Amino acid sequence: METPYKTLYHVFTDGQDAFYGEDDLNAASALFDKWASEDGNARLYREDYLTESDYDNDFAEELCLESAGMFPC
């Protein structure tokens with residue numbers, strides 16, 4: 001796999017989402033745990049943008065790192 005141009009962590013639950021930089025996995029995981037316990041469902045994805053163009057066009061390769069409950073709305 002080629003080295004991504006940029007990596008973000010995306011945490012989301014019903015009606016809420018947050019993005020963290022590539023050095024903030026611990027903070028993203030902590031928010032995932034909080035939302036999963038409060039709301040019963042949450043997701044944490046790693047989003048790899050392979051090029052600057054991908055980043056500019058919001059086109060990422062996604063990997064689900066953590067999942068709780070039903071898929072958020």
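Strands β1 and β3 run antiparallel and are joined by seven bridges. Helices (DSSP runs of H or I, at least four residues) and strands (DSSP runs of E, at least two residues) are numbered from the N terminus. Two strands count as paired if DSSP finds at least two bridges between them. The model is predicted: local features need pLDDT of at least 70, side-chain atom pairs count only at pLDDT 80 or more, and totals for chains, interfaces and linings use all residues. Residues are numbered from 1 along each chain as its sequence is written, and side-chain values use heavy atoms, with hydrogens and water left out.

**Overall layout**

- The protein chain contains two helices and four strands.
- Along the sequence, these elements follow the pattern β-β-α-β-α-β.
- Along the principal axes, the C-alpha atoms fill a box of roughly 35 × 25 × 20 Å.
- The accessible surface of the protein chain is about 4,600 Å², and 47% of this belongs to carbon and sulfur atoms. Accessible areas come from the Shrake-Rupley method with a 1.4 Å probe, and for residues only the protein chains shown count as cover.
- Of the 73 residues, 36% count as buried. Buried means under 20% relative accessible area, exposed means over 50%, and partly exposed lies in between (1.4 Å probe, protein chains only).
- Among contacts (heavy atoms within 4.5 Å) between residues at least 6 apart in sequence, 54% join residues at least 24 apart.

**The sheet**

- The four strands form an open sheet in the order β2-β1-β3-β4, with antiparallel pairing.
- At the edges are β2 (16-21) and β4 (61-68), each of which pairs on one side only.
- Neighbouring strands are turned by 20° against each other on average, direction ignored. For this angle, axes are lines fitted to C-alpha atoms (for helices, over the stretch in contact), and angles run from 0 to 180 degrees between N-to-C directions.
- Strands of a sheet pair through backbone hydrogen bonds, either parallel or antiparallel.
- Strands β1 and β2 run antiparallel and are joined by six bridges; Val11 has Ala18 in β2 as its bridge partner.
- The hairpin of β1 and β2 has two residues between the strands, and Gly15 in this hairpin takes a positive phi near 70°.
- Strand β3 (residues 42-49) pairs with β4 in the antiparallel sense over seven bridges; Leu44 has Glu66 in β4 as its bridge partner.

**The buried interior**

- Seven of the eight residues of β3 are buried, so this strand is largely enclosed by the rest of the structure.
- The largest nonpolar core has 11 residues, including Tyr9, Val11, Leu31, Phe32, Trp35 and Leu44. A nonpolar core is a set of buried Ala, Val, Leu, Ile, Met, Phe, Trp, Tyr and Cys residues joined through side-chain atoms within 4.5 Å.
- The elements giving two or more residues to this core are β1 (6-13), α1 (25-39) and β3.
- Helix α1 supplies the largest share of the core, five residues.
- In soluble globular proteins, nonpolar side chains tend to be buried together.

**Trp35**

- Trp35 lies in helix α1 and counts as buried, at 7% relative accessibility.
- Leaving out residues up to four places away in sequence, Trp35 touches Val11, Phe12, Thr13, Gln16, Asp17, Ala18, Gly40, Asn41 and Ala42.
- Trp35 and Phe12 are 23 residues apart along the chain, and their C-alpha atoms are separated by 8.1 Å.

**Arg46**

- Arg46 is placed in strand β3 and is partly exposed, with a relative accessible area of 25%.
- Arg46 and Val11 are 35 residues apart in sequence, while their C-alpha atoms are 9.0 Å apart in space.

**Asp58**

- Asp58 is found in the loop between α2 (52-56) and β4.
- Asp58 is exposed, with a relative accessible area of 62%.
- Although Asp58 is not a glycine, this residue has a positive phi of about 55°.
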